[in-house]
Amino acid sequence: MRHTELTMGRSFALAFDDGDDFVAELTGFCAEMGIRQAIIPMFLGGFRQVTLVGTNGPLEDPEAPVWEQTVLHTVEAVGSATLAWSPENDVLAPHIHVAVGRKDLAAAGSVSHLLRAEVQFIQEMFLQEVLSPRMLRPLCGPHAVPTLSFAPLPETGPL
C-alpha cells in the first residue's frame with residue numbers, strides 16, 4: 001500500500017444536463033479550470049447509455065484485467081472517482097467507478113469501471129481539487145494497468 005497526506009484546493013458542485021457526454025464534460029471542465037488532479041467523492045443521476053468494463057463470457061485469466069466493454073441503456077447511477085495525470089499521454093486520466101441499476105429490469109444492477117456515458121435528465125457531482133502532492137497514473141505491472149501513484153514531495157532544508 002502507498003499513502004500520502006493531501007493538500008486540498010477548490011471545491012466544486014457540477015450539474016450535468018440531459019444529453020451531455022459525461023466524461024468529455026468532466027475533462028473539459030477540468031481543463032478550463034486548470035485541474036490536473038482531484039477526488040470525486042460522489043456523483044448521482046441517470047445515464048441514457050453507459051459503457052462499462054465487462055464481459056458476458058467466462059474470464060480467460062481471472063488475474064488479468066478485463067479490457068472488453070459492455071453497454072447498458074437507461075440506468076440510474078451512483079459513483080466516485082479519482083483524477084490523476086497520465087505521464088505517458090500527458091492528459092488527465094480519470095478513474096471512475098459506478099454502480100448502475102437498469103430501469104427496465106427491476107433496477108437490476110451492475111458495478112464496474114465507467115468508460116463513457118450519456119447523461120439522461122441530470123447528473124450531479126461534487127469535485128474536490130487536490131493541490132499536492134502530484135497524483136500520477138502511470139502504466140504499471142505486467143498488464144500495464146494505469147495505477148495511482150504520488151510524486152515525491154520536495155525536501156525542505158533545516159529551519
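Predicted model: local features only at pLDDT ≥ 70, side-chain atom pairs only at ≥ 80, totals over all residues.

I begin with the aromatic rings, where the count comes to 4 aromatic pairs, a pair being rings of Phe, Tyr and Trp (its six-membered ring) whose centres lie within 6.5 Å, with planes under 30 degrees apart counted as stacked, over 60 as edge-to-face and the rest as tilted. One of them joins Phe-12 and Phe-29, whose ring centres are 5.1 Å apart and whose planes stand at 80°, so this pair is edge-to-face.

Residues are numbered from 1 along each chain as its sequence is written, and side-chain values use heavy atoms, with hydrogens and water left out.

Are Phe-12 and Phe-29 buried or exposed? Phe-12 is buried, with a relative accessible area of 18%, and Phe-29 counts as buried at 17%, where buried means under 20% relative accessible area, exposed over 50%, and partly exposed in between (1.4 Å probe, protein chains only). Phe-22 and Phe-47 form another edge-to-face pair, with 5.2 Å from centre to centre and 70° between the planes. Because Phe-22 lies in helix H1 and Phe-47 in strand E2, this pair ties together parts that are 25 residues apart in sequence. Phe-22 is buried at 0% relative accessibility, and Phe-47 is buried with a relative accessible area of 0%. Phe-22 and Phe-47 also belong, together with Phe-16 and Phe-43, to one aromatic cluster.

Let me turn now to the helix itself. Helix H1 covers residues 22-33, which makes 12 residues, and it reaches 17 Å from its first C-alpha to its last, close to the 16 Å expected at 1.5 Å a residue; the expected span is 1.5 Å times one less than the number of residues. Which residues of H1 are buried? They are Phe-22, Val-23, Leu-26, Phe-29 and Cys-30. These residues cover an arc of only 130° around the axis, which puts them on the same side of H1, the arc being that of the directions from the helix axis to the C-beta atoms. On the other side of H1, Ala-31 and Glu-32 are exposed. The cover over the buried residues of H1 includes strands E1 (7-17), E2 (38-53), E3 (69-86), E4 (91-102) and E5 (108-132). After H1 comes Gly-34, which has a positive phi, near 70°.

This brings us to the core. A nonpolar core is a set of buried Ala, Val, Leu, Ile, Met, Phe, Trp, Tyr and Cys residues joined through side-chain atoms within 4.5 Å, and in the largest one, with 32 residues, Phe-22, Leu-26, Phe-47, Ile-96, Leu-114 and Leu-127 touch the most other members. Each of E1, H1, E2, E3, E4 and E5 supplies at least two residues of this core. If we leave aside residues up to four places away in sequence, Ile-96 touches, among others, Phe-22, Val-23, Leu-26, Phe-43 and Leu-114, contact meaning heavy atoms within 4.5 Å.

What about the cysteines? A search of the whole structure finds 0 disulfides, a disulfide being a pair of cysteine sulfur atoms within 2.5 Å. Cys-30 counts as buried at 0% relative accessibility, whereas Cys-140 counts as partly exposed at 32%.

I will finish with a few details of the backbone. Ser-132 and Pro-133 are joined by a cis peptide bond, with omega about 0°, and Pro-133 lies in the loop between E5 and strand E6 (135-136). Asp-90, in the loop between E3 and E4, is a residue other than glycine with a positive phi, near 55°, and Asp-90 is exposed, with a relative accessible area of 54%.

Notes
Helix = DSSP H or I, 4+ residues; strand = E, 2+ residues; numbered from the N terminus.
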